[in-house]
Amino acid sequence: MRILIAEDDLISRKFLYKFLSRYGECDLVVDGLEALDAFLMAVRENQHYDLICLDIMMPKVDGVKVLKSIRELEEQKNMLPEKRAKIIMTTALAETKIVQDAMDIGCDAYAAKPLDVEKIAKVLEDFGFTKVS
């Protein structure tokens with residue numbers, strides 16, 4: 001499984017990497033522009049991400065805009081819904097409107113910070129992802 005972690009906060013990024021690397025190969029980026037670049041490169045190389053964790057509040061391009069761009073590109077490529085990346089939005093914000101907007105655009109789950117390992121593990125299980133190590 002290929003995983004993209006887009007998180008500008010070092011501690012959250014390291015935490016997600018340590019936890020998610022048990023499920024597959026993780027790529028790390030620190031802002032929304034890098035997230036879009038990584039996603040586009042993966043599509044070009046036919047090495048699609050199975051899971052993407054996007055922080056909502058990132059520099060350069062926020063997570064909601066990245067989400068929207070990813071979903072639009074998947075649609076342009078006529079990707080079947082079951083082949084599209086599962087996307088978990090992460091945020092410390094208590095803004096229900098932003099979370100609802102992300103859900104409407106097509107995120108698959110939402111995780112509030114501080115991140116709860118058990119809840120994330122349950123979401124991954126619901127997606128059908130299993131640990132590799």
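The model is predicted, so local features need pLDDT of at least 70 and side-chain atom pairs count only at pLDDT 80 or more, while totals for chains, interfaces and linings use all residues. Residues are numbered from 1 along each chain as its sequence is written, and side-chain values use heavy atoms, leaving out hydrogens and water.

**The sheet.** Now zoom in on strands 1 and 3, which four bridges join.

**Asp55.** Next, select Asp55 in strand 3. UniProt's unreviewed entry places "modified residue: 4-aspartylphosphate" here; such annotations may be inferred rather than shown by experiment. Asp55 is buried, with a relative accessible area of 3% (buried means under 20%, with a 1.4 Å probe and protein chains only). Among the residues it touches are Glu7, Asp8 and Lys113 (contact means heavy atoms within 4.5 Å).

**The cores.** Finally, show Ile52, Leu54, Val66, Ile87 and Met89, which touch the most other members of the 25-residue largest nonpolar core. Such a core is a set of buried Ala, Val, Leu, Ile, Met, Phe, Trp, Tyr and Cys residues joined through side-chain atoms within 4.5 Å. Helix 2 gives the most to this core, with six residues. A second, separate core of 17 residues includes Ile5, Ile88, Ile120 and Phe127.

Conventions. Buried < 20%, exposed > 50% of the residue type's maximum accessible area, 1.4 Å probe, protein only. Helix = DSSP H or I, 4+ residues; strand = E, 2+ residues; numbered from the N terminus. Pairing = 2+ DSSP bridges. Lists of a residue's contacts leave out its neighbours within four places in sequence.
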